[in-house]
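Please take me through this structure one selection at a time. At each stop, tell me what to select and what is there.

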Amino acid sequence: MRNIFAEWKEAHGVSLRGLLWRDVYPVPVAEEADSSLANVSVRDIVQALGAALVVAFVLKVFFVEMYAIPSPSMENTLKVGDCIVVSKIAFSFGLPAKFPFTQIENPLDYRFHYNAVARGDIIVFDFPGEAERSFRQPQHFIKRVVGLPGDKIKVKRGLVYVNRDRQDFPDESASTTPENVLKYNGQKFTGPLTIPKAGMKITLTKKNLSLYESLLIHEGNMVETVDGVVHLNGKPFKKYTVKENYFYVMGDNRLDSYDSRYWGFVPEKNIIGRPLFTYWSYGTDNSSDLPHARWDRMGTMVR
């Protein structure tokens, strides 16, 4: 029996079956694939990189930010060496309060607020303390909100009372019992005091000026004391009407946290967002360990 496929291959040097199959399912040859890469120009590469940078910039400015934890003030909720992703739209959305990578105020600052900051939330914020008195690069802190605008708060030896109700320690706090707190003699005593909120009037005295000074400076005032009398913008002042809402924050590790007990309140405008999860962690678990990747912490939600 004649084999037409064999005869075609012998006469033409190519398999008829392969030729027919290739016509139905064409496969690009290597030379064609290589030649297509030659059509990619430097301009195409630059445009792709530029688009990627624009997307990354928009995400950073408006939606998410990444931070590394530098201190033990939030242990054991967050440990030194934890790297976290922070949502900038957890509470509000809009233009940033300050131009990116600077401390220059944005005159067009406006945010649409749709979620209220709650007591117990962990927040990332631009530090409003004494460093705000001079031009500087942004300095970001992370703490837990323990008092809301208008709350009356008292802190004694690390124990927090809000509106006369004692607040429990956070679940992962490194100082989980009153006994541990009582061992630390350097705890800052605060209160009772009312956390400032927009429209509230406060009485200014030489004695309480240190408590409200960063607030007054944040709201655009020049503060000085003349003969024991508080002067704002060159004039004596006894009553001041607060313009913004403020929050009282503390670290979960209350034995080792530089927080509102020492430098005052966090303006609502300074809040950047809320941490979502830990994407990388590198450090030690105790003083005898060598630094290592802490795989068990990666991907854990921050609460």
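Start with the salt bridges: the count comes to 9, where a salt bridge is a side-chain nitrogen of Lys or Arg within 4 Å of a carboxyl oxygen of Asp or Glu. This is a predicted model, in which local features need pLDDT of at least 70 and side-chain atom pairs count only at pLDDT 80 or more, while totals for chains, interfaces and linings use all residues. Residues are numbered from 1 along each chain as its sequence is written, and side-chain values use heavy atoms, with hydrogens and water left out.

Select K60, E65 and K88, which are linked in a network of salt bridges. Between K60 and E65, the closest N and O atoms are 2.6 Å apart. K60 is partly exposed, at a relative accessible area of 28%, and E65 is buried, at 13%; buried means under 20% relative accessible area, exposed over 50%, and partly exposed in between (1.4 Å probe, protein chains only). E65 also meets K88 in a salt bridge, at 3.9 Å from N to O. This second pair links distant parts of the chain, 23 residues apart: E65 is in strand 1, and K88 is in the loop between strand 2 (82–87) and strand 3. Helices (H or I, at least four residues) and strands (E, at least two) are DSSP runs, numbered from the N terminus. Both E65 and K88 are buried.

Next, select D151 and R119, a salt bridge with its closest N and O atoms 2.7 Å apart. The pair ties together parts that are 32 residues apart in sequence, because D151 lies in the loop between strand 6 (140–147) and strand 7 (152–156) and R119 in the loop between strand 4 and strand 5 (122–126). D151 counts as buried at 8% relative accessibility, whereas R119, at 36%, counts as partly exposed.

Select V54, V55, F57, V58, L59, F63, V64, F93, F101, Y110, F112 and Y114, which make a nonpolar patch of about 1,100 Å². Patches are made of residues with over 30% relative accessible area and no salt bridge, with like charges joined within 9 Å and nonpolar side chains (Val, Leu, Ile, Met, Phe, Trp, Tyr) within 5 Å. Accessible areas come from the Shrake-Rupley method with a 1.4 Å probe, and for residues only the protein chains shown count as cover. Helix 4 gives the most to this patch, with 6 residues. F93 belongs to strand 3 and is partly exposed, with a relative accessible area of 36%.

Then select helix 6 (residues 209–218), where 7 of the 10 residues are buried. Those buried residues are L209, Y212, E213, S214, L215, L216 and H218. Just after helix 6 comes G220, with a positive phi of about 90 degrees.

Finally, select R254, in the loop between strand 16 (246–250) and helix 7 (260–263). Is R254 buried or exposed? R254 is buried, with a relative accessible area of 4%.
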